[in-house]
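Here is a short briefing to read alongside your structure. It walks through a pocket, a strand and a ligand site, so keep the 3D view open as you go.

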Amino acid sequence: MTALPPGSVIGILGSGQLGRMLAIAAARLGLQTHTYSDTSGPAFDVSYKHTLGPYDDTQRISAWANEVDVVTYEFENVPLQAAAAAAALKPVRPGARALEAAQDRLAEKTFIDRLGIPLAPFAAVNSKADLEAAIEKIGTPGILKTRRFGYDGKGQARMARPDQAQWALDEIGNAPAILEGFVKFECEVSVIVARGLDGATQFYDIPLNTHVDGILATSTVPGPLPPNQVDRARDIARRIADELDYVGILTVELFYAGEDAGSPLVVNEIAPRVHNSGHWTIDACASCQFDNHIRAIAGWPIAPTTRHSDAEMTNLIGHAANDWPELARETSTCIHLYGKRDARPGRKMGHVTRLKPLTT
Ligand code: AMP
């Protein structure tokens, strides 16, 4: 295994806040970043170099890939042709299989199901007849979700009754979809695993995640899972990562339905990237998710994921970021602002992490 030496260039597809925090982590390790994106995002501010270009321009992607040593991505909707054009020239980590599995909810669920890992019941929906058959099989309540480009609860219609089928299809614009049975969960958690080029894995502590309007609001550690469920949750993430021969940070979002449920842990979705529910690791761990993603893709050993503090991460969504003067006066609060100018509703503008002495 050859580790990239300091001075090497990490190519990042995407220019959002995740790319920004990856670029900052790379800089700490003496690595440079060259970001490629179709929009000028917050990662550009902190990258050594950036290229503005469409993701379907494989010639531009190839020219960019020629200038970097390894390629990674900060969002899962990178077109597969772009990843393939880059992979023809440089290693792409995590690889195309992880992208394929995460881009399409049907492919994702089918892949996880084949591994024997519990999921909400699901069925493919391409028409009203499919949806009616799916309701027959799965029942209501359920959630109709677009197969592609859904995030933060977008592209979803919650159905309480079978007679809402037409409404739900209209709501998601009649896009190819899946119907998912509604999981009665106690809470939502996420496993963040770092897997190195050598296949070694390390896990961060599993946070409790709360959402408002489908968008992550807070992540808190220590989380609620009892130790036996922590082991099971980690085992689920390890199996998924091993199956994908994964390199980097992988996130598995899970519903916890309680100790007495038939399936206490049910996978919601996977993200082949660093994740919002792991932002607390920047301030509460010696090596954060961004450091370990960069280390993994650069062929360095994964660093310990040990947590030195309890932590609560709160997202600053939309106008919440205007409270920065008050937050700045809370001088022990760790403030992370992404440098976005326009505080649109629902837009992730930054986050804060509040640390407390370690309890467990
Ligand atoms: P997603 O974009 O699929 O992560 O969904 C956004 C949020 O909707 C999740 O974080 C859950 O709070 C909720 N949700 C999604 N799928 C289900 C489900 N099958 N059962 C219950 N709640 C769900």
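A pocket here is an open set of grid points with protein on both sides within 12 Å along at least five of seven lines, and its lining residues have an atom within 4 Å of a point. Please keep in mind that this is a predicted model.

**The second largest pocket**
- The second largest pocket holds about 180 Å³ of space.
- Its lining is made up of D205, I206, P222, G223, P224, L225, V230, R234, R307 and T360.
- Sorted by class, that lining has five nonpolar, two polar and three charged residues.

- Strand β6 spans residues 142–146, and five of its five residues are buried.
- In a regular strand the side chains alternate between the two faces of the sheet.
- On one side of β6 sit G142, L144 and T146, on the other I143 and K145, and all are buried.
- Strand β7 (residues 156–159) runs antiparallel to β6, joined to it by four bridges; here G142 stands opposite M159.
- Strand β8 (residues 177–181) also pairs with β6 in the antiparallel sense, over five bridges, and L144 stands opposite L179.

**Around the ligand**
- The ligand has 17 residues around it, of which K145, E180, V183, E188 and N268 come nearest.
- E180 places a polar side-chain atom 2.8 Å from a nitrogen atom of the ligand.
- For Q156, a polar side-chain atom lies 2.9 Å from an oxygen atom of the ligand.
- In the side chain of R158, an N or O atom is 3.1 Å from an oxygen atom of the ligand.

Methods:
Residues are numbered from 1 along each chain as its sequence is written. This is a predicted model: local features need pLDDT of at least 70, side-chain atom pairs count only at pLDDT 80 or more; totals for chains, interfaces and linings use all residues. Side-chain values use heavy atoms; hydrogens and water are left out. On a 1 Å grid over the protein atoms alone, a cavity is a set of points where a 1.4 Å probe fits but cannot get out, and a pocket is an open set with protein on both sides within 12 Å along at least five of seven lines; lining residues have an atom within 4 Å of a point. Grid points are joined across faces, edges and corners, and a volume is the space filled by probe spheres set on the points. Ala, Val, Leu, Ile, Met, Phe, Trp, Tyr, Cys and Pro count as nonpolar, Asp, Glu, Lys and Arg as charged, and the others, Gly among them, as polar. Buried means under 20% relative accessible area, exposed over 50%, partly exposed in between (1.4 Å probe, protein chains only). Helices (H or I, at least four residues) and strands (E, at least two) are DSSP runs, numbered from the N terminus. Two strands pair if DSSP finds at least two bridges between them. A residue is near a molecule or strand if one of its heavy atoms lies within 4 Å of it. A polar contact is a pair of N or O atoms within 3.5 Å; within protein, one must be able to donate a hydrogen and the other to accept it, and residues adjacent in sequence count only if both atoms are side-chain atoms.
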